[in-house]
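Dear colleague,

I am handing over the structure below, and I would be glad if you kept it open while you read my notes.

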Amino acid sequence: MKVAPAFLLAGVMLNAQQKDSTKTKEIEQVVLIGYGKQKKSDLTGSVTALTAKDFNQGAIGSPEQLIQGKAAGVQIVTAGGAPGSGSTIRIRGGASLNASNDPLLVIDGVPVDNSTINGASNGLALIDPNDIESFSILKDASATAIYGSRASNGVIIITTKKGTSGKLKVSYNSNTSIYTKMGTIGVLNGDQFRSVVNQYATDEYKKLLGNSNTDWQKQIYQTALGFDNSVAISGGIKGLPYRLSLGYLKQDGIIKTSNFERSNVGINLSPKFFDKHLSVDINYKGIYTENRFADVGAIGAAAAFDPTQSVYDPANTALGGYWEWLNASTGLPNTNGTKNPLSMLNQKIDVSYVTRSLGNIQLDYKFHFLPELRVNVNAGIDYTDSKGNTRVLPTSASAFYNSGTYKRYTQSRKNKLFDAYLNYNKKVESLNSTFDVTAGYSYQDFYRSEPLAMTIKGDPALQPDIVNAFETQSTILSYFGRFNYNFGEKYFLTATVRNDRSSRFSKENRSGVFPAIGLAWRIDKENFMKNQNVVSSLKLRAGWGETGQQGVINNDYPFLARYVVSDNGTKYQIGDQFYNTLRAQGYDKNLKWETTITKNIGLDFGFLNERITGSVEVYEKKSKDLLSIVPVPAGANLTNLLLINVGDMKNKGIEANVNVKAIQKENFSWEFSVNATHYTSKVTNLSAQNNPDQKVLIGGIEGGTGTTVQVHQVGYTPFSFYVYQQVYGQDGKPLEGVYVDRNGDGVINEQDLYQYKSPIPDVLLGFSSRFTYKNWDLGFSLRASIGNYVYNNMASKAGSLQNISNNDYLSNISTSYLDTGFKRAQYLSDYYVENGSFLRMDNLNIGYNFPHFINDKYKLRVSLSAQNVFLITKYSGLDPELLTTELNGTTKSGIDNNAYQRPRIYSLGFNFQF
């Protein structure tokens, strides 16, 4: 059931008091780590802590957007501009080629399943960002190894807001936003296209031209509105601290028909018993979302549709009154022709409904007879139920020959968790030492079921398309331990070990042990540092550790021999009947853990009484026994591509961040932060025989059947583009079909393809600044990416005259044709691999705090913000920031094709506190 905005407004009518009862952890002093917390000054690992003062402002739809560009070594790229869309998160680059590269997400102590939820473009967007209190980002192995098999890509610990004992307080937030498009894809307008067709096309195709001048991209885009309202009530009743939050978000997309609505409730209870020896923390989050997904194929169709045609054809009632390409002999839709993009949007209704419940109860008991010893027990569940249906009307050209289609689907997910650990913390004055020992057990089970789903055709003579019922489960059992030693507040040691047992591997390979060690030296505590006032803190850190990877994508049983029921396209005929078959699947019974070994050296510093703080890190990650999908010899297995342990990869880099409190005066302050990351990734092995020439072709594109433009190959960066080297004429224009004969054999063929650039950037930069003057504040954040390259598939598939002489319809041409003059498509030319370096202003905000609104008990803040303010780049397409995760979980990197562009957002926000 939705939480109506009117209901939220009613919440602020509660009688409340002035004192703020929302608890804020002193994250600068205490940092949340795996299964515990530590003083930041005692950390031996690489950990970044971010709180509300660091968060991005404005229309934030998903939690990870709060910290985009805020942490060195962390790359967060939104998957697009669709309402409710998610992000791809990478910590120090990926550690794998075919397994998951996503970091482990832990919300209030519960590691969550971050894989794709049917009916939701982003599982994390189901959490209300207004409820987030802090992020702890664990980056190196000495910090992450406590999570063992799921920590090779880093860990992000998300903590939601809690209540504390105190008087009642109510806070109400309201944000109203306007979303606009950034630009359009470069294609010819109606007059330009008409001129090209009349000059180069045959008479047969010239006759197909219309008399209109339609901007098809203008037809599919709109200025959209969004509303985000939330109310939080917190306080304490007779020693029972509580916090209750309610939220409602409604966001329309800049592409017509797309929409996202989220209603959520959050509850936290944190009482203490037995003279505060027993702490109880109860968290619950309930989320309900409704999505309507726009047909993103309309983006490419709008770029490709003939601009000389009209949007509507009133006489064409069989196709909903839309103008469409028809077969000249039958008057029925041309199956090859581009479909009317506005018809694609309006005549496809794709909706989903997702309910998610995430909760846990955590008990922490400090023994009365031995207060240094405590036991912590945590039980949690993450349950998701999703359902949806997709209906394409019979008057839609894309479903005309099926007389329309209807598909209904459901999915259920259950993630159960049980953790228990003992912690002993003792300071021994005689030894000037502190000992902190933790030992524990963890059980987590993941279950997913998808009942049979059918796509029913409107024509009863046509058989439905069937997706067979699916049910799967995986379990991880773990034992872990950690030893922290502190000598004299100067020297620190952390040793960690975790033993994981995953059901995704056979009994012989099921167990994996992941150790780590970290050392730190507080140089500023040494005697030789005492008689100076420049360096206020200085700590040297070093760490080594192993972490694992068992994130096999879309397969919980890769080591088992198994059969699956065939689909409609692979039935076996006996007589006049067609029967489904059981099809044997490829498997590798020897599959085992992928392992990543990380080395890290870091220096944390503070100057001038912490007016300037920061850190510098140097690291190296080596992944071995990669879970890789590679070709296998014919007859060697039941498939030609098999998931096996083969290959190695190395990733090394340097990252730094500096935070400066430049001005601190009574009525004016200015502070800023800068972070920078440089890293390189190389594939060091791809075969069991260490074959240096082994390669895996990836990066499929649209336009050329089966054409790929990327490669994984030994000695090169993952996802390197694999193309021909273009030859240019004296006028600087590319010569069609003329490429460099790189091997000198006099023949241009696949032997002349070469590795050229990569989507992976050389340098990532982030800059944030904030000014305050009396009750005013102004802030902004910038991000830059240098050295990333993009394959412009929108230009390569439409950048030639091939589009005006194909299958009895006309297709628009990319403006890149005006520069190349290509007659035929040149998909493998490195001409289309463009420099995607960019500078983007993510956020600009200004606000005013009314200190005494109505009276001393009421406060009001008003803010204006803009997001995606500007983008500076040489890339000829819409946006060069293109790291997205496809539905099957594999990463598609740096190929620009049919992307739902990120909108520019203007927001007006109000915050009332009572």
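This is a predicted model: local features need pLDDT of at least 70, side-chain atom pairs count only at pLDDT 80 or more; totals for chains, interfaces and linings use all residues.

Residues are numbered from 1 along each chain as its sequence is written, and side-chain values use heavy atoms, with hydrogens and water left out.

I begin with the sheets. Strands of a sheet pair through backbone hydrogen bonds, in either a parallel or an antiparallel sense. Helices (H or I, at least four residues) and strands (E, at least two) are DSSP runs that are numbered from the N terminus, and two strands count as paired if DSSP finds at least two bridges between them.

A second open sheet has five strands in the order S4-S9-S10-S7-S8, and here the pairing is mixed. Its edges are strand S4 (47-51) and strand S8 (110-111), each of which has a single partner strand, so one side of each is left without a neighbour in the sheet. Strand S9 (residues 132-138) and strand S10 (residues 155-160) run antiparallel and are joined by six bridges, with Thr160 in S10 as the bridge partner of Ile132.

Strand S13 (residues 224-237) is mostly covered, since ten of its 14 residues are buried; buried means under 20% relative accessible area, exposed means over 50%, and partly exposed lies in between (1.4 Å probe, protein chains only). S13 pairs in the antiparallel sense with strand S12 (residues 169-180) over eleven bridges, and twelve bridges join S13 to strand S14 (residues 240-252), also antiparallel. S13 and S14 form a hairpin with two residues between them, and Lys238 in the turn has a positive phi of about 50°.

Helix H6 (residues 297-304) is mostly covered as well, with seven of its eight residues buried. What covers these buried residues includes helix H5 (216-220), helix H7 (341-346) and helix H8 (793-796), where contact means heavy atoms within 4.5 Å.

Two single residues remain. Asp281 lies in strand S17 (residues 278-292). Is Asp281 buried or exposed? Asp281 is buried yet has no salt bridge, and Lys162, the nearest side chain of opposite charge, is 4.5 Å away. A salt bridge needs a side-chain nitrogen of Lys or Arg within 4 Å of a carboxyl oxygen of Asp or Glu; Lys and Arg count as positive and Asp and Glu as negative, while His and the chain ends are not counted. The side chains of Asp281 and Asn268 are joined by a polar contact of 2.8 Å, that is, a pair of N or O atoms within 3.5 Å, of which, within protein, one must be able to donate a hydrogen and the other to accept it, and residues adjacent in sequence count only if both atoms are side-chain atoms.

Lys823, by contrast, is exposed, with a relative accessible area of 53%, and its place is in the loop between helix H9 (817-820) and strand S47 (833-835).

With best wishes
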